[in-house]
Amino acid sequence: MTVSKPLVLDIDGTLLRTDMLFENVWAGLGTDPIRTIKAGVTLFRKPARLKEAVYNIADIRVDLLPVNTEALEFAKAAQADGREVILASASDERLVQALADHNGFDGAIGSKDGRNLKGANKAAALVERYGKGGFDYAGDDSSDTAIWDVADKAIIVGTAGGAAARYPSEKVTTFDAPHKTSEAIRAMRPHQWVKNVLLFLPMIAAHQFGLVSFGLIILGIMAFSAAASCIYIVNDLLDLEADRLHVKKCKRPFAAGTVPIKTGMMICAGLGVFALGLGAFLGIAFFGVVALYMILSLAYSLKLKRMRWIDIFTLASLYTIRVVAGAAASRVDASVFILIFIFPIFVTLGCVKRLTELTLATNDDRLPGRGYGRPDRPDLLNVGILGMIGALVIFFLYSFSEQARMLYPSQWLLWVALIPIAAWLNRMVRLGWYGKQDYDPIVFALKDKRGIGLLLITLSLMFYSAGLWQKWFGF
């Protein structure tokens, strides 16, 4: 009687579309960043000890980890044929065992007691257990060649550094890698860069439309876009579990496993260096604003977004910083009135963001990674309305200021402009209350045709009040 040989599967990049060490590290950064960073610095050269340390800091839900469907189906078919299927990974053995139990496999071995089960160490452990040529092995990395050399058959996911060419074709089964390079661009959220048009606001408010100012702001937008994408990646890596529990965010590249976490970390570092480098080129003031934005955004991702109300005021501050950045980049003085006016608007939009999320939530539990549940909707609505009223009052008071009288001789048109501003804010709050928005109100606002119409009417009234239409077009 022929006895089928056991099938041994690697985990990171083979059974899973992710790496459990990086999953554990980012979960640790979200739970206890100081302890996690300390473990990374002190145990960097002791990978098995590092994996043990981060496992003890934060747990990860193996049932949420993105699976390579093709590899899982292959393993299940082997198990159905009566073959023993075990997981062998360099991850902490407790995690490996948990994943094996979740999938109903027959066993698990992993790193423990300071021994990192990778490459030659894994090969030795498997030979000791099954004998040379006594098992088939599925892996995805060039370091797995040490195991394939002592296995009977090689199951190779991706290219593994061209490993398939080392072995006879009849002993090799190949699967495509589950990762998609194009998804790396989506991970940077380029559609969010549109929010950086806020950098133009100081130039528009000051009526300084020179080409030099325009060019400087374009460079500023490039720097802020890179900085924002850097932080978006950090945010997504910190929110892996919360995103996987979300009906839409579960499709984000890192949550879905379509981009490796390691790749995301490299892209993040490159974007951060680019943003700060370009910021320094634009001057010390702009560099300081970019650095402040990145620090505050990081604090938001690590802690502040989980704190009720503080998260909304932090979001409003991050939007307001963009306006300050526009002034710093173009060397245009930002009016204090402008900053005081736009801050309550962004408070309102922050409330709208949470209202949308809560309206679309499926139960009354708190949102994953957030401090709000559906019972908080009335309070968020009230704060949003207060922000709207505050912005309108501040705009009305601005119309009596010396600067407004100088820039806008037809004062009454500023009062008329209050009508479309109020209509736009009311529309944003109402659509958020009924869950008819995008999860980001700024992105929604820049796609909403009716809302854009109201904003253009506002801008036209202000330009007419300032005499710009007459200056440019003669009427």
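The largest pocket of this predicted model is lined by 29 residues, and those that lie nearest its centre are Leu-198, Leu-201, Phe-341, Leu-455 and Leu-459. The elements that give two or more residues to this lining are α9 (201-205), α16 (336-359), α17 (377-398), α19 (411-433), α20 (441-445) and α21 (449-466). By class, the lining of the largest pocket holds 27 nonpolar residues, two polar residues and no charged residues. Here Ala, Val, Leu, Ile, Met, Phe, Trp, Tyr, Cys and Pro count as nonpolar, Asp, Glu, Lys and Arg as charged, and the others, Gly among them, as polar. The volume of the largest pocket is about 990 Å³. Pockets and cavities were found on a 1 Å grid over the protein atoms alone: a pocket is an open set of points with protein on both sides within 12 Å along at least five of seven lines, a cavity is a set where a 1.4 Å probe fits but cannot get out, and lining residues have an atom within 4 Å of a point. Grid points are joined across faces, edges and corners, and a volume is the space filled by probe spheres set on the points.

Residues are numbered from 1 along each chain as its sequence is written. Because the model is predicted, local features need pLDDT of at least 70 and side-chain atom pairs count only at pLDDT 80 or more, whereas totals for chains, interfaces and linings use all residues, and side-chain values use heavy atoms, with hydrogens and water left out.

At least two lining residues come from each of α1 (20-31), α3 (47-57) and β2 (85-92), and α1 supplies the largest share, three residues. The lining of the largest cavity divides into four nonpolar, two polar and two charged residues.

The chain contains 22 helices and six strands, taken as DSSP runs numbered from the N terminus (helices H or I, at least four residues; strands E, at least two). Its C-alpha trace spans about 95 × 50 × 40 Å along the principal axes. Of the 475 residues in the chain, 52% are buried, where buried means under 20% relative accessible area, exposed over 50%, and partly exposed in between (1.4 Å probe, protein chains only). The chain exposes about 21700 Å², of which carbon and sulfur atoms supply 62%; accessible areas come from the Shrake-Rupley method with a 1.4 Å probe, and for residues only the protein chains shown count as cover. Among contacts (heavy atoms within 4.5 Å) between residues at least 6 apart in sequence, 65% join residues at least 24 apart.

Thr-356 lies in α16 and is buried, with a relative accessible area of 0%. Beyond its neighbours within four places in sequence, Thr-356 is in contact with Gly-432, Gln-437 and Asp-438. Leu-358 is also placed in α16, and at 0% relative accessibility Leu-358 counts as buried. The C-alpha atoms of Leu-358 and Arg-374 are 5.2 Å apart, with 16 residues of separation in sequence.

Ala-58 lies in the loop between α3 and α4 (69-80) and is buried at a relative accessible area of 4%. Residues up to four places away not being counted, Ala-58 touches Asn-24, Ala-27, Gly-28 and Thr-31. Ala-58 and Thr-31 are 27 residues apart in sequence and 6.5 Å apart from C-alpha to C-alpha.

Zero disulfides were counted, a disulfide being a pair of cysteine sulfur atoms within 2.5 Å. Cys-230 is in no disulfide, and the nearest cysteine sulfur, that of Cys-268, is 3.4 Å away. Cys-230 is buried, with a relative accessible area of 7%, and Cys-268 is buried at 12%.

Most residues other than glycine have a negative phi. Asp-113, although not a glycine, has a positive phi of about 55°; Asp-113 is found in the loop between β3 (107-111) and α6 (120-130) and is exposed at 65% relative accessibility. Trp-309, also not a glycine, has a positive phi of about 70°. Trp-309 sits in the loop between α14 (284-302) and α15 (310-330) and is partly exposed at 24% relative accessibility.
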